[in-house]
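Here is a short report on one protein model. It follows the strands, then a helix, then the cores.

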Amino acid sequence: MPPEFQTHLLDIPATAAGQRLDQALAAALPQYSRARLQRWIREGAVRVAGKAARARDRMRGGEQIEVDAQFAADQSLEPEVMPLAIVYEDRSLLVLNKPAGLVVHPGAGNRSHTLQNALLAHDPALARVPRAGLVHRLDKQTSGLLIVARTPQAHTRLVAQLAAREIHREYLALVLGEPTGGGRIEQPIGRHRSQRTRMAVRADGREAITHYRIEERFWAHTLLRVQLETGRTHQIRVHLAHAGFPVVGDPVYGGRRRLVAGEADELNALLRTFQRQALHAQRLQLAHPINERALEFEAALPADFQSLLKALRANAGTTRAKGAKR
């Protein structure tokens with residue numbers, strides 16, 4: 001049995017006197033989240049001097065505590081064997097390159113054919129880790145890098161890194177329009193008031209910060225490198241649309257599809273058939289959750305995105321050759 005699934009015997013130090021039981025346990029067992037420790041306390045899996053206790057009980061210091069660190073497997077999802085593009089793998093961590101079109105988490109009426117199902121088939125032990133180890137998510141039609149924790153200890157530490165904004169995430173986004181330079185968008189995001197499947201910039205929303213800089217310019221389009229400081233649902237798509245530069249192909253926030261004027265038949269054909277947002281999670285930087293080694297990963301653009309950029313470059317070159325003005 002792996003070390004994170006075991007019984008811990010602890011002596012509470014005198015310095016913990018006056019602390020709540022859950023506080024003292026969180027300090028003694030940092031590999032577990034406080035929410036999980038509180039659940040074990042409620043379930044009677046934590047015993048102080050051989051007796052069940054409450055999370056709010058105050059410590060005197062010197063108590064002997066026994067913690068049964070047992071993780072019930074999530075049986076609500078069926079494992080499904082599906083191809084996974086694994087960028088990195090060790091005993092604690094997986095980094096995947098998710099294709100566009102794959103749903104990450106199951107939802108109402110969608111309990112199968114998700115990345116979570118595939119992860120459970122790849123590693124059945126992930127049934128004991130929250131959300132099969134998924135630390136963050138990507139929208140269905142967004143491609144790119146995702147982090148998966150393989151143990152509860154790794155999951156707790158990676159979630160803490162994400163909350164502390166210590167995981168660096170960079171995306172490539174092809175947008176409509178021509179921003180004059182890079183920038184920072186700080187606009188709160190919340191659920192749309194009338195369309196509940198959408199998000200929107202709202203004064204009463206949660207803090208959301210997006211940084212972007214210009215990677216490549218085209219005629220009427222721009223490739224941006226985008227960095228997330230926070231991680232709200234649909235954040236990049238909402239922020240860029242709010243700034244007047246919607247992501248190409250975005251069916252929710254992109255507005256009416258716009259084509260390129262002039263002799264750009266091949267490019268316009270690609271723009272018509274590009275049926276997803278042109279958004280790719282390209283780079284990740286993080287500290288390994290166990291040994292704290294600095295890790296950096298990069299995922300190449302998928303073929304459909306590359307084809308669209310190739311057509312944009314060819315069109316820009318053709319237009320310049322004809323002497324057209326911007």
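## A covered strand

Seven of the eight residues in strand β13 (residues 221–228) are buried, so the strand is mostly covered. Buried means under 20% relative accessible area, with exposed over 50% and partly exposed in between (1.4 Å probe, protein chains only). Strands (E, at least two residues) and helices (H or I, at least four) are DSSP runs, numbered from the N terminus.

This is a predicted model: local features need pLDDT of at least 70, side-chain atom pairs count only at pLDDT 80 or more, and totals for chains, interfaces and linings use all residues. Residues are numbered from 1 along each chain as its sequence is written, and side-chain values use heavy atoms, leaving out hydrogens and water.

## Partners of β13

β13 pairs with β8 in the antiparallel sense, over eight bridges. Pairing requires at least two DSSP bridges between two strands. Here Ala 173 stands opposite Leu 224 in β13.

β12 (residues 209–217) also runs antiparallel to β13, joined by seven bridges. Tyr 212 stands opposite Val 226 in β13. Three residues separate β12 and β13 in a hairpin, and Ala 220 in the turn has a positive phi of about 75 degrees.

## An enclosed helix

Helix α5 (residues 235–242) is largely enclosed by the rest of the structure, because six of its eight residues are buried. Leu 240 is one of these. Gly 244 follows α5 and has a positive phi, near 95 degrees.

## Two cores

A nonpolar core is a set of buried Ala, Val, Leu, Ile, Met, Phe, Trp, Tyr and Cys residues joined through side-chain atoms within 4.5 Å. The largest has 48 residues; Leu 119, Leu 174 and Leu 240 touch the most other members. Strand β8 (residues 168–176) gives the largest share, six residues. Another core, of 21 residues, lies apart from it and includes Ala 24 and Leu 29.
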